[in-house]
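Biologist: I have not looked at this one before. Could you walk me through it, one question at a time?

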Amino acid sequence: MPSSKKAAPSLYVRVDIPEKYINEFKEICSEVVVEPWELGEPEPQTTVDLSKFDVLYTSGLHDNLNILKKAPKIKWIHSDSAGMEAMLNEGIQNSDIIITNVKGCTSVPIAEHTIAMLSSLARGVHTIIRNQINKNWVEIPVTDLENATVGIIGYGDIGFEIAKRCKVLGMKVIGCRRNPDKRNEEYEPADLIMGMDQVDEVLSQSDFIVLALPFTKETSYFFNKERLNKMKKGSYLVNVGRGNTIVDGDLIECLSNGHIAGAALDVFEVEPLPKDHPFWQLENVIVSPHNAYNSSKHLDRVMELFLQNLKLFSEGKPLINVVHKQLGY
C-alpha cells in the first residue's frame, strides 16, 4: 500500500446497500456504481466498464470473483461477510489484491445468540415448544449451566465474546485455538486455552461444545464421526461458525443414537437448508437460518467499518481487518 495520498478511489458494489450509505461513499469516491447480486440468484451481468474501478465491495460467501477478468485494476476487495470461502481461490491468494472483511462487527450478536442456544438446550426449550404446539403437559429433563464446562472451538473474537458471557453464568470455559499462547492482556475470560492439537481432550471434558471455526482447508469436515464420538456422551453442540466444518450424516447419527444430546445449528453446508434435510425433523435439534450475526445495529457497524477503511484507502494508509489470504481469516 503506498504511503502517499492517492487519487479518489472508484468503487463497484455488488451488495444492496441503502442510499444514505451510498451517498457517504460518494463523498470519498470519484465514482460509485451499485449492481447487487442477490444471494441464491445467478450472477448478474455488469452494465458498466469495470476496468476503471479499483475497489470492489461484495459478498465473500458466494462471489468467486470471476468479475476480476473484467476489472484488472482492482486493488482492494471488501467482503460484507466474515466468511470468504467463495472468493479465496488460488489466483486471489497469489495476487497483490488486499482482502478485508467484517470481522468484529458480528462478534457480540453471535455471542448473544450462542448464549440463547446454550440456555435453550440446557432448559429443553425446543422440547417445551413442541409440547406447547401439541398441548402436552409433560415434565422434561434439564441441565444446569452453572459449573458446566463449555469448550469453544475456534477461540477468536467471537469466542472471546462468548466466553465473557459464559463466565457470568458460572460456567468453566476452555478455549481452543490455533495459537494457544495468545491471550487478551486486559481480561481473559477463558479458564484454560488449549491448542487445536488438543481438541479431542477439550471435546472429552466439555458438557457443551461451541464451534466458532472459520472455513479453511484444515477445518473442512473437521467434525466427522471419529471426532464427534470424542465428545462427552450426553453433551450438546452449538455451531455458529461454518456449516462445512461438520459432516452432516455423522452428526445426524450421533444425535439419533443419543451420544450427543442435542444441537443448535445456525450454519449449514447448503443454505438455505433443503426442506427434506433430516435436521428439520430431529426433535433434539434447533435450526436457525444463519441468523446469529444479525442485529438491529449490524448494518451500522458494517458501514462504519467500511467507511473508515474507504477513507484510509483514499489516503494510502493501511486498512483494518486485512485477511491473511492463505489462512482464510
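**Sheets, helices and spaces**

Biologist: How many bridges join strand β1 (residues 10–13) to strand β3 (residues 55–58)?

Modeller: This is a predicted model, in which local features need pLDDT of at least 70 and side-chain atom pairs count only at pLDDT 80 or more, while totals for chains, interfaces and linings use all residues. Residues are numbered from 1 along each chain as its sequence is written, and side-chain values use heavy atoms, with hydrogens and water left out. Strands (E, at least two residues) and helices (H or I, at least four) are DSSP runs numbered from the N terminus, and two strands pair if DSSP finds at least two bridges between them. β1 and β3 run parallel, and the number of bridges joining them is 3.

Biologist: Which residue in β3 is the bridge partner of Val13?

Modeller: Look along the parallel strands β1, residues 10–13, and β3, residues 55–58. For Val13, the bridge partner in β3 is Tyr57.

Biologist: What is the order of the strands in the open sheet of 5 strands?

Modeller: Start from the edges, β2 (31–34) and β5 (98–100), each of which pairs on one side only. From one strand to the next the twist averages 15 degrees; angles run from 0 to 180 degrees between N-to-C directions, and axes are lines fitted to C-alpha atoms, for helices over the stretch in contact. The pairing is parallel, and the order is β2-β1-β3-β4-β5.

Biologist: At what angle does α9 run to β4?

Modeller: Helix α9 lies across β1, β3, β4 (76–79) and β5. Its angle to β4 is about 170 degrees.

Biologist: Are helices α1 and α9 roughly parallel or roughly antiparallel to each other?

Modeller: The axes of α1 (residues 19–28) and α9 (residues 298–314) come within 10 Å and cross at roughly 10 degrees. Angles under 35 degrees count as roughly parallel, over 145 as roughly antiparallel, 65 to 115 as roughly perpendicular and the rest as oblique. The two helices are therefore roughly parallel.

Biologist: Which strands are the edge strands of the open sheet of 7 strands?

Modeller: Here the order is β8-β7-β6-β9-β10-β11-β12, with parallel pairing. Within this sheet, 4 bridges join β9 (residues 208–211) to β10 (residues 235–239), with Tyr236 as the partner of Phe208. The edge strands, each pairing on one side only, are β8 (192–195) and β12 (285–287).

Biologist: At what angle do α3 and α4 pack?

Modeller: Helix α3 (residues 107–123) lies across β9, β10, β11 (260–265) and β12. Ser120, Leu121 and Arg123 in α3 meet Val125, His126 and Ile128 in α4. The axes of α3 and α4 (residues 125–133) are 5 Å apart, and the packing angle is about 65 degrees.

Biologist: Which helix gives the most to the lining of the second largest pocket?

Modeller: On a 1 Å grid over the protein atoms alone, a pocket is an open set of points with protein on both sides within 12 Å along at least five of seven lines, a cavity is a set where a 1.4 Å probe fits but cannot get out, and lining residues have an atom within 4 Å of a point. About 190 Å³ of space lies in this pocket, and its lining divides into 2 nonpolar, 3 polar and 6 charged residues. With 3 residues, the helix that gives the most is α5 (residues 157–168).

Biologist: What is the volume of the largest cavity?

Modeller: Grid points are joined across faces, edges and corners, and a volume is the space filled by probe spheres set on the points. Among the lining residues are Asn239, Ile246, Asp248 and Phe279. The largest cavity has a volume of about 40 Å³.

Biologist: Which residue does a cis peptide bond join to Glu271?

Modeller: Omega is about -5 degrees at this bond.

Note on methods
Contact means heavy atoms within 4.5 Å. Ala, Val, Leu, Ile, Met, Phe, Trp, Tyr, Cys and Pro count as nonpolar, Asp, Glu, Lys and Arg as charged, and the others, Gly among them, as polar.
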